[in-house]
Amino acid sequence: VISFTRMTRLTIHPERREAQAQAGVITLAVTEAARPHGLIYPPDPASFRTSTIGGNLAENAGGPMCFKYGVTGDYVRALSFVDADGEEHHVTRDAFDLAGLLIGSEGTLGLITEATLRLIPPATHTRTLMAHFPEVGACAEAVSAAIAAGAVPSKLEFMDRACTNAVEDYLNLGLPRDAEAVLLVDTDGDDLSTVQDELQLVADACERAGGTVRRAATDAEGAALWRARRSVSPALGRIRPQRMNEDIVVPRSALPDVVREIRALGDASPFRLVQFGHIGDGNLHPNILFDPRHEDTHAVHDLAHEIALVALRHGGVLSGEHGIGSMKRDFMTDAVDPGTLKALWNVKRALDPHLALNPGKILPAEGVDG
Ligand SMILES: Cc1cc2nc3c(=O)[nH]c(=O)nc-3n(C[C@H](O)[C@H](O)[C@H](O)COP(=O)(O)OP(=O)(O)OC[C@H]3O[C@@H](n4cnc5c(N)ncnc54)[C@H](O)[C@@H]3O)c2cc1C
């Protein structure tokens with residue numbers, strides 16, 4: 001077991017718009033250190049108060065801002081890693097993009113010790129709206145129409161009715177309990193009229209799709225609307241002590257069918273299931289809520305598998321940002337053909353010949369692929 005908690009050296013280089021961060025640096029600390037220099041680090045997983053740069057790179061973490069600004073890997077200029085023989089290497093994005101191979105490898109190919117991260121100036125203006133819809137399909141249509149019309153919102157988040165009601169039970173924010181889908185949108189930029197025009201494009205698309213739009217009049221009201229989304233985790237924690245947080249990605253056009261099919265799977269199961277996610281990327285987080293003391297955890301795993309199969313049937317993938325790990329390892333044979341699995345094993349062996357690094361993650365045991 002290797003702990004990175006003492007590797008917390010962080011240096012900001014404003015003249016290069018870069019941060020040099022060791023693996024144990026907490027994600028939010030990068031933006032906090034960069035802000036006095038007029039810079040931010042955009043990748044913003046909801047876990048950014050506790051997650052580390054090493055973990056973010058290992059999972060290629062995303063977040064609400066990533067639809068417009070890109071995911072962790074888009075901000076990595078170089079990284080250092082220790083290989084399975086204990087040798088340290090410094091790699092950039094050229095020459096086989098070995099850094100890119102390490103990003104998203106979930107600790108199975110090397111131990112990331114440090115990264116050079118790109119920083120950007122924050123947008124000057126942000127505008128926020130919340131829209132709610134009588135039907136999930138209408139919400140997905142509105143998102144597609146807004147993007148097709150030229151809007152590139154900085155945040156685009158979706159919550160289904162069960163999720164909205166869980167948050168409402170928790171905080172009583174006045175959210176529409178009857179709405180099948182709630183959409184939260186930010187547009188941002190340096191030119192206020194462009195930011196407002198972009199929000200108008202989104203509002204028009206929502207209304208044309210049958211949604212009801214509420215705009216935040218002030219930054220404080222915008223922050224209050226986002227409180228709903230930020231409160232999802234604690235709200236769900238009140239319902240059951242544990243949750244299986246699924247993480248699938250499907251084409252946006254498939255979202256209405258996918259949300260409905262997963263809803264039906266949840267209704268037919270003994271578990272409570274809620275759905276939310278980064279809808280701009282088609283990234284959905286169906287959450288199965290359960291109590292391991294009284295409920296069958298194998299059944300939870302089976303339901304997660306059914307959800308993964310829905311994503312694959314609709315042309316999606318097994319994971320958007322949480323990775324495969326051990327939970328979805330066995331689903332890999334549904335998603336990846338045997339030849340490709342063999343190629344992945346060859347990469348693994350080339351960098352970790354004794355299979356010492358995070359054994360049992362990502363790749364199903366050899367032989368399973370035939
Ligand atoms: C409430 C909550 C909300 C979340 N929201 C998001 C979200 O919005 N977006 C998102 O992408 N993820 C999200 N996550 C998942 C998770 O927080 C992210 O994947 C995060 O990037 C993991 O970082 P960590 O430091 O917690 O890593 P850990 O959980 O400690 O590790 C993750 C994996 O990376 C490996 N690893 C860790 N450090 C290194 C290293 N230095 N070198 C090599 N391998 C390493 C570990 O072995 C493990 O396999 C969320 C999690 C929670 C609990």
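Student: Which elements each supply at least two residues of the shell around the ligand?

Tutor: Helix 2 (53-59) and strand 5 (111-118) do. These names come from DSSP runs: a helix is a run of H or I with at least four residues, a strand a run of E with at least two, and numbering starts at the N terminus. Helix 2 gives the largest share of the shell, five residues. Before we go on: this is a predicted model, where local features need pLDDT of at least 70 and side-chain atom pairs count only at pLDDT 80 or more, while totals for chains, interfaces and linings use all residues. Residues are numbered from 1 along each chain as its sequence is written, and side-chain values use heavy atoms, with hydrogens and water left out.

Student: What makes a residue count as near a molecule?

Tutor: One of its heavy atoms must lie within 4 Å of the molecule. There are 25 residues around the ligand, and Ser47, Thr52, Asn56, Gly62 and Ile112 come nearest.

Student: What makes a pair of atoms a polar contact?

Tutor: The pair must be N or O atoms within 3.5 Å; within protein, one must be able to donate a hydrogen and the other to accept it, and residues adjacent in sequence count only if both atoms are side-chain atoms. A polar side-chain atom of Thr52 is 2.6 Å from a ligand oxygen, so this pair qualifies. For Asn56, a polar side-chain atom lies 2.8 Å from an oxygen of the ligand, and for Ala46 a polar backbone atom is 2.9 Å from one. Overall, the protein covers 71% of the 970 Å² of accessible area that the ligand has on its own (Shrake-Rupley method, 1.4 Å probe; for residues, only the protein chains shown count as cover).

Student: Why does the ligand lie between two domains?

Tutor: Because domain 1 (10-118) and domain 3 (240-323) both give residues to its shell. The domain bounds come from an automatic or database domain assignment.

Student: Why are strand 1 and strand 4 called edge strands?

Tutor: Start with the sheet: five strands form an open, antiparallel arrangement in the order 1-2-5-3-4. Strand 1 (10-13) and strand 4 (88-92) each pair on one side only, so they are the edges.

Student: How do you know that strand 3 and strand 4 pair?

Tutor: Two strands pair if DSSP finds at least two bridges between them. Strand 3 (residues 76-82) and strand 4 have five, in the antiparallel sense, so they qualify. Ala78 stands opposite Thr92 of strand 4.
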